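Student: I would like to learn how to read contacts and ring pairs. Where do we start?

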Amino acid sequence: MSRRLLRPRALAAALAIAVAAAVTAAVAPAAQAATTTCSGTGTISAGDYMIQANEWNSSLQQCITYTGGTAWSVSTANFNTSGGAPATYPSIFKGCHWGLCTGNSGMPIQMSKLGSATSSWSTNQPSSGAYDVAYDIWFNSTPTTSGQPDGTEVMIWINSRGGVQPFGSQTGSANIAGMNWNVWTGRQTSWNIISYVLNPGATSVSNLDLKAMFNDAVSRGSINPNHYLIDVEAGFEIWQGGQGLGTNSFSVSTSTGSSGGGDTTPPSTPNNLALTGVTSSSASLSWSPSTDNVGVAGYRVYRNGTQVGTTAGTSFTDSGLSPSTRYMYTVAAYDAAGNVSSQSSGVTATTAAGSGGGGGSGCTATYAVSNQWSNGFTANVTVTNSGTAATHGWKVTWTWGGNQQITNAWNATESHSGSSETVTNASYNGSIAPGGNTSFGFQGTYSGSNPSPTLSCTAS
């Protein structure tokens with residue numbers, strides 16, 4: 001499940017069951033020069049799709065290799081996670097994952113206006129290890145989000161091995177799209193999870209009717225029809241092993257409803273794009289609102305021609321920039337039907353020279369348990385810049401009130417002495433613009449009670 005980027009990704013934590021194998025095949029795309037990333041947060045562009053390493057619950061090496069079209073594989077992995085959350089969810093997606101958006105996705109689409117959603121997926125599944133082969137599909141209450149979606153996570157397991165099972169508990173079964181599914185449901189801290197487990201399992205699906213599954217989830221109360229489909233991901237939650245898992249081909253197609261012919265009119269092009277502030281590591285922008293025949297859902301912000309974020313409002317702060325560097329920004333508007341305007345006229349920003357100081361620094365940290373079981377848990381911490389200048393680094397400290405111990409952390413560096421914890425920023429998320437935030441997470445163990453600690457945050 002996502003976390004996307006930064007699932008940072010918050011992915012559906014899972015436990016343990018097995019489902020067998022079978023069925024169809026798809027044609028692999030033509031080969032080309034391979035591209036590999038071994039970064040836990042690495043991404044590789046694949047045309048209208050994005051491949052993401054998404055290693056969110058482990059520090060062991062994982063490498064993802066892209067060979068062309070939509071074909072990719074886990075070329076290096078040997079995970080050994082036991083129980084609880086998976087180590088990683090390498091995947092390919094279309095839409096917006098934690099603010100990282102692909103082009104020409106047709107999403108977001110409000111569930112009540114969804115006309116069709118289909119997908120085909122062909123995979124390679126090694127005969128050893130513990131993993132699932134699963135779609136991870138996200139709905140959000142608004143058309144876009146740069147953080148954890150707050151609607152519903154729909155997981156569609158086409159296969160698994162090694163005794164793993166979905167989050168929550170089995171609450172039913174269904175025959176959907178001509179196939180039999182076991183249905184699992186659960187609730188995380190701020191979103192619903194519904195999982196469909198194919199019985200028997202398969203190595204591929206062709207023209208899978210995703211909308212039929214969403215309709216079933218609506219009927220069970222798991223999806224709010226007013227929420228928005230924001231992305232479709234397909235990959236592998238891995239607990240043990242993982243090397244050799246791969247995708248031969250993958251496709252997703254979505255459209256709005258056909259009544260009235262659907263909305264095909266894009267919003268007007270944003271204008272009056274202006275630079276409203278700049279620091280050594282951030283640039284703040286504003287623009288005049290666009291108009292649309294139905295309604296503007298949000299805006300895409302581009303830096304040097306590459307999309308760097310989305311927002312529902314008419315302002316945006318781009319952080320994590322390099323000092324004394326020139327950047328060019330444009331903005332495009334989109335509506336709920338996925339129509340996108342032309343990009344605005346550009347504006348340039350040159351970041352200030354780094355000074356190592358500047359005052360006005362400060363931060364706060366909030367703690368939330370995202371999943372908990374009999375002797376373990378996962379938690380997320382959000383660090384917010386409460387000062388008037390961009391941070392260059394941050395540190396969060398606390399003392400456990402019980403016997404909790406962190407076993408691994410992501411998006412940060414963790415150290416401890418007895419019950420005292422110290423967590424500092426990673427190399428890539430120490431810079432936070434004023435009012436902005438970042439997050440880190442960890443997995444831990446405990447016995448007895450698991451009280452939440454009181455956090456202290458300092459920034460430089």
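Tutor: Start with the polar contact: a pair of N or O atoms within 3.5 Å; within protein, one must be able to donate a hydrogen and the other to accept it, and residues adjacent in sequence count only if both atoms are side-chain atoms. Here, the side chain of Ser120 reaches the backbone nitrogen of Asn207 at 2.8 Å. This is a predicted model: local features need pLDDT of at least 70, side-chain atom pairs count only at pLDDT 80 or more, and totals for chains, interfaces and linings use all residues. Residues are numbered from 1 along each chain as its sequence is written, and side-chain values use heavy atoms, without hydrogens and water.

Student: Is Ser120 buried or exposed?

Tutor: Buried means under 20% relative accessible area, exposed over 50%, partly exposed in between (1.4 Å probe, protein chains only). Ser120 has 18%, so Ser120 is buried.

Student: How do I read a ring pair?

Tutor: Give the distance of the centres and the angle of the planes. Rings of Phe, Tyr and Trp (its six-membered ring) pair if their centres lie within 6.5 Å; planes under 30 degrees apart count as stacked, over 60 as edge-to-face and the rest as tilted. The whole structure has 19 aromatic pairs. One of them, Trp138 with Trp191, is tilted, at 6.0 Å and 55°.

Student: Why is the pair of Phe139 and Phe214 edge-to-face?

Tutor: Their planes stand at 85°, with centres 5.1 Å apart, so the pair is edge-to-face. Phe139 is buried at 0% relative accessible area. Phe214 is buried at 0% too.
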